[in-house]
Structure formats: C-alpha cells, structure tokens
Amino acid sequence: MKHTLPLSILITGLGAAVSQIANADFTKLGSQFETELQQRAAATTQAVYDQLLAQGCEESFGEFETIPEGNGTEPTASFTTNKSFIAGVGAQPVFSCTGSTLVVWENVRKLVHTANELTNSGPTDASLSLDIDGLAAALQWTAGEEYSTQESMTKSFNSAQQANLQTRIAALKASSPALAHHASVSASGLNAGDTASDQWSPWGGFLNGSYNTGEQKISALENGFDLDGSEINAGLDYRLNSNWIVGGLIGYREQDIKFDVNSGAVDGKVNMQGWSILPFLLFQNDQWYSSLSAGYQWNDFSTRRDVQFDSQNINVEGADTQAKSTNDSNTVTANWAGGYSFQVNDAFSIEPSIGINYQKVSIGDYTESDANQAGYNLFIEAQTIKSLESYFALKAQYVVNTEHGVYIPYVEIQTVGQKETDTRYVKASYAEIQDFISGDALFSLPTNRPDSDYKVFEFGVAAVLRGASQSTLNGPAAGGIQAFLNYRELADMGIYNQKTISGGIRYEF
C-alpha cells in the first residue's frame, strides 16, 4: 500500500511514531506488584522483549521517499507499509521476525505495552488495557511456578517410604520370639508348660497401604494447592539370627496436586506416579536397635498448566491455552536410625530414638507443549535438589495381652531439623526462543524455603494377631501374623500440612 501525503504531515507523524518506539521499563512499576514472583516475572518479560527487540523483532515504520515539489505545492513523500498509516499518529508496526518467534514477541509485547500504558511511557498499541492487579495476575499465569511442586511431591514420597520402613522395624521388633511366643500360647497347639524349639522361621513378608491428603496455602512465591494420593508397599525380611535382620520393600505411589484457583492461584494439575526400592539392615537386642537403609526412587510427572487472562482492549486478545508436559526424576536416599527402650514396667515402655535422612533428587530438563500453539510453553532446565534431615523422636507404648493376641497402642512425636534451607530456583525460558536468549531473559523462579524444623505426630496400634507356632514339637515356628494401623501428621510447617492413614499386615512363613 502506498500513501502520498504532504511531507510536513509525514514528518509530524513519523516523529510521533519514533517517540513511541522508545519502550518503557517494566520495573518502573516495581513495588506495585504484591509478590516477588510477580516482580521477577515482570523483569523477565521486559528482558525477553528487549532481547527480541535487539534481535530483529523491532517495531519499524517503513521507508520514506521524498517527491520533489512542483507547481508551487508543498514537497510530498511516499510511505510504504503493509499496515494502514494514520497521519499525525504514526504508522502501524511492521514485524521483521516471523513464525514461533513472532508469536512469543507478540505475547510479551502485550504485557510490556500494558505496563507502558500504566506508566504513561513507551508504545501502547498492543496494551491489554488492564489495571495493575490485572497485569500482575497475567504475569503470574505466564510464570510457570507450578513446577516447584515436583520437589514437594518427591520429598513427600521419600518421607512416606522412611515412615513405612520405621513401621516395618517396629513390627519386626514386636514379632521378636519372646513377644510372639507370649501371644501364641493359646493359638499354637502347645500348652504353657510345653518346651518349644528355639528354631524360628527366618522369613517374613508384608503388605501395607496408605492414603494421604494435604494442602499448601498460596505464598508470595508458590501457588496454593490441594493434594491427595495413595501408596502400596510390599516386601520381605529375613532373620539372620536373633539379632540381625535384612530385608527390603518396594513401593508404588500415585499422587495428584490440584491448584486452588479460588485462593488466587493459577489453575492446573500435576500427577505423579512413582516407584521406590528400599533395602535395609536391622540390629536389635532386648533394649536397643539400629537400622541402616539406602534406596532409589523414580517418578513420572504429568503436568497441565493453564494460561488464562483477559484483555480490556477490544483490538488485542488475552490468553486462553494450556501448556502440558511429561518428565521424570530419580532420587537416591540413605537413612540411619537408632533407639533405646526404657521398660517402665512389664507393659509400659518409653523409646527415644534419633535418625538421619538424606536424599538427592535429579530432575532432567523438559519442554512443554502448548495446546493451541499460542507460544506460552516453557523449557524447564534440569534441577538437582538435596535434603539432609536429622530427627529426634520419643515414643510411648503399652502392651495389652489378650487371648486373641497382643495389642500395642502407641503415640510418637518427632522433631525434625532440615540442614538444606537455602531458597531454590527453577530456571525456565520460552521454549520457542530458548536457543537465542540468555541471562535476565530467563525465568528464575524462587521456591519456598524449606522449613528449618517441623514436627511429626503419629499414633496407632501394632498387634501380634497370631504368634508363630510349631507344627511339630521340634520343627520351626512359623505362621505368625502382625498388623498395624496408624495416623501420621506433619505439623508446624507454615503454609503446608499433610495427613496420612496407613495400615498393613506381616506374615511369618
């Protein structure tokens, strides 16, 4: 399209257009954003805009050709563009970048122009015409902080596996020959005065399951969410002698996180399916025990992250799409625990214990896909997450002996200290432009700092439902059955809480 207008008018229009090219700085809004996450997302958006602007996605205004004056008329000039030209206001921009890069440019341009309109500086052609709260919400929808939840889900799985291990150890202690025989007299076929063999079946197998639920309230750095999941564990143990036991458990967990959009968070969902293997070694005598374990976990994540925000400008669209991804992680764990039982009387005992839990989580890099090819999908960089916790626990239990078995109700409290408390950052970039942007044009999303200390409350009942018995007078004692049911809650963790109900059974064969 070619326009021929008086040169003075063109110069006036061009001057107005050029004055609009000098973009404002998003950070001028500064403290008007309520959270650090929004401030960081604003700075990243501005940096992406600036880098793309420098690399070819400039807002140019065509080329002018001066036409000599004639017949006493004012000199004129021709202006060529693929957009309409409005004299005195400025030409519409001609984009020199194309394809997926152009899509990302247009997305960040909307946000920057909205900020320009709020600060009365820079171009505003593509403004969403939102107020400061609307712009803050739009920034949070684009940021991708949902991926911080993978750390929480992985740590939760490991914590549950360590709790399952300690429950197994408690069951093994409860199934010691003395206690098992105490419960088996009425069910074994032996009389109280008979002499039993000291040969016990060395093998035991167990199966248990659990259900967990919890929530995280929204913070300045992370979304609020609700979680629920279930887990099943199975394993074997082998009694080397009266003091040493080796064994292992295999666990499977499925857990869902749903972001609570009603609390001010963005919308989306994360599903995790994970497997764990955890071999262990246990030493015990009449009063004290020590256990050692090392394990490996691998998890698969499926994430849906919604990107939805409105526009109050009828000429500019908002966003309504979904960014989806699948990725995996692996975790190496190690645990040591030890405790001593103070026997207050024949039935009541108090058992203090200490322990150390270590884990190293590795999450590989991955790329989202945008359901509508709208350019909001992110590339998430690889992550390494370390955790080192120590704990002190105090357990009180009471042995109730009945003709149907031995029941041991108990209550336990743990105080846990976390050594790795530094803020962690999830680094990401727009997937379509990750190869040619750098530095401050990357999202660097801080996560909530781990609590330096928290508590775990647990109560339940362990039971020896049937003691091991001998089918022949001098044969091995087998057939013992133990079971447990407990409730466990994480407390004093600030905005996060989780509750778990577990139950299981062990059989000696």
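Predicted model: local features only at pLDDT ≥ 70, side-chain atom pairs only at ≥ 80, totals over all residues.

1. The four-stranded sheet. An open sheet of 4 strands is arranged in the order β16-β18-β22-β23, and its pairing is antiparallel. T367 has F379 in β18 as its bridge partner.

2. Helices on this sheet. Helix α2 (residues 36-54) packs on the sheet, where it touches β22 (425-430) and β23, and its direction makes about 175° with that of β23. Helix α4 (residues 132-143) also packs on the sheet, in contact with β18, β22 and β23; the angle between its direction and that of β23 is about 95°.

3. How do α2 and α4 pack, and at what angle? The angle is about 80°, and the axes lie 9 Å apart. That makes α2 roughly perpendicular to α4, because angles of 65 to 115 degrees fall in that class. On the α2 side L37, Q38, A41, A42 and T45 take part, and they meet A136, L139, Q140 and A143 in α4.

4. Helix α3. This helix covers residues 99-119, that is 21 residues, and at 1.5 Å a residue should span 30 Å; its end C-alpha atoms are 30 Å apart, which agrees. N120 follows α3 and has a positive phi, near 55°.

5. The largest nonpolar core. It holds 47 residues, of which F26, F33, L135, L139, F309 and Y430 touch the most other members. At least two residues of this core come from each of α2, α3, α4, β12, β15 (348-363), β18, β22 and β23. Another core, of 18 residues, lies apart from it; F225, L227, V270 and M493 are among its members. As general background, nonpolar side chains tend to be buried together in soluble globular proteins.

6. Which residues surround Y430? Leaving aside neighbours within four places in sequence, Y430 is in contact with V48, V104, V108, T142, G375, Y376, N377, L378 and F443. Y430 is also one of the residues that touch the most other members of the largest nonpolar core.

7. Strand β27 and its partners. Of the 11 residues of β27 (residues 481-491), 8 are buried, so the strand is largely enclosed by the rest of the structure. On one pairing, 11 bridges join β27 to β24 (residues 453-466), and the two run antiparallel; E458 stands opposite R488 in β27. On another, 10 bridges link β27 with β28 (residues 496-508), again antiparallel, and N486 stands opposite S502 in β28. β27 and β28 form a hairpin with 4 residues between them, and D492 in the turn has a positive phi of about 60°.

8. Is Q297 buried or exposed? Q297 belongs to strand β12 (residues 288-309). Its relative accessibility is 1%, and the cut-off for burial is under 20%, so Q297 counts as buried. Beyond its neighbours within four places in sequence, Q297 is in contact with T154, F157, N158, Q161, W275, S276, S329, N330, T331 and T333.

Conventions. Residues numbered from 1 in each chain as written. Heavy atoms only, no water. Pairing = 2+ DSSP bridges. Contact = heavy atoms within 4.5 Å. Axes fitted to C-alpha atoms, helices over the stretch in contact; angles between N-to-C directions. Expected span 1.5 Å × (residues − 1). Buried < 20%, exposed > 50% of the residue type's maximum accessible area, 1.4 Å probe, protein only. Core = buried A, V, L, I, M, F, W, Y, C linked by side-chain atoms within 4.5 Å. Parallel < 35°, antiparallel > 145°, perpendicular 65-115°, else oblique.
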